[in-house]
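Let us read a structure together, one feature at a time. Keep the model open as you go.

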Amino acid sequence: MWHPMIELKTLQAQTKCLARLEEKSIALFWIDSQVYAIEDFCPHQGLPISDGTISDLKITCPFHQASFCLKSGKACMPDYYEPLRILATKLENGIVWV
């Protein structure tokens, strides 16, 4: 089931936004004309990851320096990290849906 999150123009202006989906915090990113959505939860210790640095479609946790691919969720570091939860996105009538 799809859920409306934010207007695309708001995300484009800010490049990163947080939203709630049920009881979860969702981080939305506007990068290279694409929308990426992840659960805002580093699998290492459960801390928020959305304030991490982003480079080459990878997000680096601000607490532990673990990096994850925003497309696949896979860890770019040692195999012992669980992947990030990636959410599918779509654009419809100027709204970002996950």
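Predicted model: local features only at pLDDT ≥ 70, side-chain atom pairs only at ≥ 80, totals over all residues.

Q: How many helices and strands does the protein have?
A: Start with the list of elements. Here there is one helix, and there are ten strands.

Q: In what order do the elements run from the N terminus on?
A: Read them along the chain. The order is β-α-β-β-β-β-β-β-β-β-β.

Q: What does the radius of gyration say about the overall form?
A: Compare the value with the one for a compact globule of the given length. For 98 residues, such a globule would have a radius of gyration near 13 Å. The protein has 13 Å, so the two agree. As for the box, the C-alpha atoms fill roughly 40 × 30 × 20 Å along the principal axes.

Q: How do I read burial and surface?
A: Buried means under 20%, and exposed means over 50%. By that rule, 39% of the 98 residues count as buried. The protein exposes about 5900 Å². Carbon and sulfur atoms supply 49% of that area.

Q: What share of the contacts joins residues 24 or more positions apart?
A: Take the contacts in the protein with a separation of 6 or more. Residues 24 or more positions apart account for 35% of them.

Q: How far apart are the mean positions of the positive and negative charges?
A: Average each set, then take the distance. The protein has 9 positive and 11 negative charges, and their mean positions are 3 Å apart.

Q: Why do charged side chains pair?
A: Side chains of opposite charge can pair when their charged atoms come close. In this structure, a search of the whole model finds four salt bridges.

Q: Which residue forms a salt bridge with K9?
A: Look for the closest N and O atoms. K9 pairs with E7, and those atoms are 3.8 Å apart. Next, check the surroundings of each partner. K9 has a relative accessible area of 60%, so it is exposed. E7 is partly exposed, at 36%.

Q: Where in the chain do D51 and K16 lie?
A: First the contact: D51 forms a salt bridge with K16, with the closest N and O atoms 2.8 Å apart. The pair links distant parts of the chain, 35 residues apart. D51 is in the loop between β4 (34–39) and β5 (53–55), while K16 is in strand β2 (residues 16–21). At 61% relative accessible area, D51 is exposed. K16 is partly exposed, at 29%.

Q: Which parts does the salt bridge of E39 and R85 tie together?
A: Their side chains meet at 3.3 Å, N to O. E39 lies in strand β4, and R85 lies in the loop between β7 (67–69) and β8 (86–87), so the pair ties together parts 46 residues apart in sequence.

Q: Is E39 buried or exposed?
A: Apply the cut-off of 20%. E39 has 14% relative accessibility, so it counts as buried.

Q: What is E39 in contact with, leaving aside neighbours within four places in sequence?
A: List the partners by residue. E39 is in contact with K24, S25, I26, I49, R85 and L87.

Q: How far is F68 from E39 in sequence and in space?
A: Count along the chain, then go C-alpha to C-alpha. F68 and E39 are 29 residues apart in sequence and 12 Å apart in space. F68 is in strand β7. Its relative accessible area is 0%, so F68 is buried.

Definitions and conventions. Residues numbered from 1 in each chain as written. Heavy atoms only, no water. Helix = DSSP H or I, 4+ residues; strand = E, 2+ residues; numbered from the N terminus. Rg over C-alpha atoms; globule rule 2.2 N^0.38 Å. Buried < 20%, exposed > 50% of the residue type's maximum accessible area, 1.4 Å probe, protein only. Contact = heavy atoms within 4.5 Å. Areas by Shrake-Rupley, 256 points an atom, 1.4 Å probe, with all protein chains shown as cover. Lys, Arg positive; Asp, Glu negative; His and termini not counted. Charge placed at Lys NZ, Arg CZ, Asp CG, Glu CD.
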